[in-house]
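Please look through the protein shown below, and keep its sequence at hand while reading the report.

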Amino acid sequence: MKVCIVNPDSIFFQGDVEELVLPTTTGYMGVLKNHCQLTTTLDNGVFVLREGTALNIFAVGKGFSIIKDNRVDIVCLSIEEAANINIAEAEQRVATARAGMDASKAKRPGPVYIQNQLVFDRERGRVKAHRMWQSPPLYMK
């Protein structure tokens, strides 16, 4: 099936793939050839793309996908290869955002809490993607 992934900067990927695993707002979803027509929102998380026997693991930011006629178009805020993620930096951002959420929740949740929650969700997805790249589950090997 044909796949096109677009982020705000460029066309990130365009080509033929056998399988996708997408992090949607209602859970992870697999997509194979002849999938039914569907439009879904994407959440921060792990995005897997299989080309032949090669697995590519990415961290993807929020967005949406349109599946129709053996074509998948994905528009996302961010996407990066899991192998390129600085895990120590991402884990530090998760900890900092969590502390900011806790501090602002103790006072009164508001814009500061929401800003920290957005960072927390994005960075947690990056950490998960990097960990999956380091040690993929057995079904992915």
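This is a predicted model: local features need pLDDT of at least 70, side-chain atom pairs count only at pLDDT 80 or more; totals for chains, interfaces and linings use all residues.

Residues are numbered from 1 along each chain as its sequence is written, and side-chain values use heavy atoms, with hydrogens and water left out.

**Overall fold and confidence**

The secondary structure comes to two helices and ten strands, where helices (H or I, at least four residues) and strands (E, at least two) are DSSP runs numbered from the N terminus. Along the sequence the pattern reads β-β-β-β-β-β-β-β-β-β-α-α, and the C-alpha atoms fill a box of roughly 50 × 30 × 25 Å along the principal axes. Of the 141 residues, 36% count as buried; buried means under 20% relative accessible area, exposed over 50%, and partly exposed in between, with a 1.4 Å probe and protein chains only.

The pLDDT, which is the predictor's confidence in each residue from 0 to 100, averages 92, and 97% of the residues score at least 70. Confidence is lowest in helix H1 (residues 87–107), with a mean of 91, and highest in strand S9 (residues 71–76), at 98.

**Aromatic rings**

Rings of Phe, Tyr and Trp (its six-membered ring) pair if their centres lie within 6.5 Å, and planes under 30 degrees apart count as stacked, over 60 as edge-to-face and the rest as tilted. The structure holds two aromatic pairs, which the table sets out.

| Pair | Centre to centre | Angle between planes | Type |
|---|---|---|---|
| Phe12 and Phe58 | 5.5 Å | 85° | edge-to-face |
| Phe47 and Phe58 | 5.9 Å | 45° | tilted |

Phe12 lies in strand S2 (residues 11–16) and Phe58 in strand S7 (residues 54–60), so their pair ties together parts that are 46 residues apart in sequence. Phe47 belongs to strand S6 (residues 45–51), so its pair with Phe58 in S7 joins parts that are eleven residues apart in sequence. Phe12, Phe47 and Phe58 form one aromatic cluster, in which Phe12 is partly exposed at 30% relative accessibility, whereas both Phe47 and Phe58 are buried.

**Cysteines**

With a disulfide defined as a pair of cysteine sulfur atoms within 2.5 Å, the structure holds zero disulfides. For cysteine 4, the nearest cysteine sulfur is that of cysteine 76, 10 Å away, and cysteine 4 counts as buried at 8% relative accessibility.

**A loop with positive phi**

Most residues other than glycine have a negative phi. Aspartate 69, however, has a positive phi of about 55°, and asparagine 70 has one near 60°. Aspartate 69 sits in the loop between strand S8 (63–68) and S9, and asparagine 70 is also found in the loop between S8 and S9. Aspartate 69 is exposed, at 68% relative accessible area, while asparagine 70 is partly exposed, at 26%.

**The second largest pocket**

On a 1 Å grid over the protein atoms alone, a pocket is an open set of points where a 1.4 Å probe fits, with protein on both sides within 12 Å along at least five of seven lines, and lining residues have an atom within 4 Å of a point. The lining of the second largest pocket includes Pro23, Tyr28, Asp43, Lys62 and Arg124. Strand S3 (19–24), strand S4 (27–32) and helix H2 (111–134) are the elements that give two or more residues to this lining, and H2 provides the largest share, four residues.
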